[in-house]
There are 2 protein chains.
Amino acid sequence: MTRATAQETVLGSLRSDILTGRLGPGDQVVQELLAERYGVSRVPIREALKTLESEGQVVYFPHRGYFVAELSVADLLEVYRLRAILEAEAIRQAVPTLGLDDVEALAELMAEIESAAAQGDIIAMTAANRRFHFALFDAAGLPRLSRILHQLWEATDAYRALYFQGAENRDRVAREHARMLSALRKRDAEALVRLHDEHREHSVGAVSAILAARDR
Amino acid sequence: MTRATAQETVLGSLRSDILTGRLGPGDQVVQELLAERYGVSRVPIREALKTLESEGQVVYFPHRGYFVAELSVADLLEVYRLRAILEAEAIRQAVPTLGLDDVEALAELMAEIESAAAQGDIIAMTAANRRFHFALFDAAGLPRLSRILHQLWEATDAYRALYFQGAENRDRVAREHARMLSALRKRDAEALVRLHDEHREHSVGAVSAILAARDR
DNA sequence: ATCCGACAGATTGGATCCAATCCACCGACT
DNA sequence: AGTCGGTGGATTGGATCCAATCTGTCGGAT
């Protein structure tokens with residue numbers, strides 16, 4: 001067993017700190033503090049932060065440090081606009097290649113989301129939700145596209161957890177996923193793209209409401 | 001005047017080393033070597049490499065190091081496919097917003113490309129070429145889209161220089177740019193998208209020929 | 001009252017050192 | 001011949017230390 005490097009584990013911890021709001025948008029990321037929290041020196045912290053910087057999760061000002069990125073409404077709309085374009089491309093490419101077993105794997109992932117939702121475990125739910133969507137995107141066999149989509153999703157991570165806190169949002173997500181799965185079983189790519197678009201629209205609406213409330 | 005940090009200057013140097021082939025695709029990037037070459041310690045090198053990693057310019061294997069990314073033909077086609085989708089979006093968004101002065105600025109940039117080409121300065125030419133295209137893309141006012149496009153362009157940097165070495169390629173690029181500019185003057189976004197597509201097609205053809213020759 | 005510069009604490013940037021890991025080589029054994 | 005295990009050099013990963021920069025505060029001058 002080859003142990004993970006500290007920068008990798010730190011990267012994961014940082015992501016979850018941002019996801020859970022322990023590090024909130026706009027906060028300065030003080031390296032010394034994190035070094036102590038994670039029990040490592042500042043070097044691996046800095047490398048992990050560089051990775052997050054290029055994903056747009058944090059912003060960097062030389063000699064001042066790293067700050068958790070704040071999403072403006074314009075940013076948010078741009079992220080969702082780009083996701084709409086790129087996810088449609090991924091879905092159209094992926095659907096024809098999916099076998100029966102792939103569809104069943106997706107059904108399995110969907111069940112995972114719901115079971116996490118039932119237990120009210122938001123962290124597990126966002127993780128399962130991501131696996132569900134990316135299982136579909138990854139099936140397109142376009143690794144760069146997957147990577148870009150990952151970056152776009154991560155940009156809104158800090159806000160997605162808030163979205164899932166609303167029980168009515170969780171229910172709607174479950175219903176929408178079920179409809180997506182049935183379109184998938186029919187191999188109807190266009191219907192799936194359309195459902196995906198609606199799914200995304202609902203989420204952008206809710207998240208921008210959260211954003212607007214926060215800015216006030 | 002605030003001096004640039006070492007990691008920034010190193011990042012620039014690394015980019016140009018990759019662009020010029022001093023660091024060729026597949027080469028291991030030995031940190032100690034670069035530290036000596038640039039007169040800094042390994043720390044800023046590592047941070048610059050992390051940035052390049054997330055752009056896909058280098059790949060990283062824990063405990064083994066960084067290697068200059070090699071582009072497969074499939075990668076190349078994917079990059080161009082994504083560029084086609086995203087650049088079309090940028091152009092459609094940008095064209096209606098362009099004022100007379102913006103168009104003149106673009107004409108100016110085009111002249112820069114040609115003057116660099118006339119002097120056979122490939123480095124200056126690729127730089128001017130990029131400024132020309134991105135002046136257009138950036139005008140869309142979608143910063144994330146610009147950033148993604150930057151990453152996609154950088155992924156093929158190592159090969160673009162080779163493309164411009166052919167005099168016939170340089171001439172064709174100049175002709176195509178001129179036609180793009182005249183579509184722009186008419187504010188004909190659709191024509192511009194079409195010309196851009198052709199422009200890109202020519203380049204992907206030439207670059208994949210280079211790639212194929214290289215792999216043999 | 002406002003602006004300006006000096007100073008102090010906090011934080012980041014970078015250099016150096018040591019530990020952990022990898023890898024190529026080599027000899028022994030099957 | 002081929003495989004296995006060990007060994008040494010090379011390279012990366014991380015910790016610690018010091019220098020450089022930033023930021024807020026406090027006097028003092030205007």
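1. Ground rules. Residues count from 1 along each chain as its sequence is written, chains are lettered from A and ligands numbered from 1 in the order in which they are written, and side-chain values use heavy atoms, leaving out hydrogens and water. As the model is predicted, local features need pLDDT of at least 70 and side-chain atom pairs count only at pLDDT 80 or more, while totals for chains, interfaces and linings use all residues.

2. The interface overall. How many residues of chain A are in contact with chain B? There are 34, and they meet 34 residues of chain B (contact means heavy atoms within 4.5 Å). The buried area is about 3100 Å², with 52% from carbon and sulfur atoms; that is accessible area (1.4 Å probe) lost when two parts are put together, summed over both. On chain A's side, A:Glu78, A:Arg81 and A:Arg144 lose the most area to chain B, together 21% of what that side buries.

3. Polar links. The rule finds 15 residue pairs in polar contact across the interface, both residues at pLDDT 80 or more. A polar contact is a pair of N or O atoms within 3.5 Å; within protein, one must be able to donate a hydrogen and the other to accept it, and residues adjacent in sequence count only if both atoms are side-chain atoms. In chain A, helices H1 (6-20), H3 (42-55), H4 (73-94) and H7 (143-155) each supply at least two residues of the side touching chain B (helices are DSSP runs of H or I, at least four residues, numbered from the N terminus).

4. Salt bridges. Four of these cross the interface; each needs a side-chain nitrogen of Lys or Arg within 4 Å of a carboxyl oxygen of Asp or Glu. B:Arg46 and A:Glu47 meet in a salt bridge at 2.9 Å, N to O.

5. The axes of H4(A) and H7(B) (residues 143-155) come within 8 Å and cross at roughly 50 degrees. Axes are lines fitted to C-alpha atoms, for helices over the stretch in contact, and angles run from 0 to 180 degrees between N-to-C directions. The two are therefore oblique (under 35 degrees is roughly parallel, over 145 roughly antiparallel, 65 to 115 roughly perpendicular, the rest oblique). A:Glu78, A:Val79 and A:Leu82 meet B:Pro143, B:Arg144, B:Leu145 and B:Ile148 here.

6. A pair within chain B. H8(B) (157-165) and H9(B) (167-185) pack at about 95 degrees, axes 5 Å apart, so they are roughly perpendicular.
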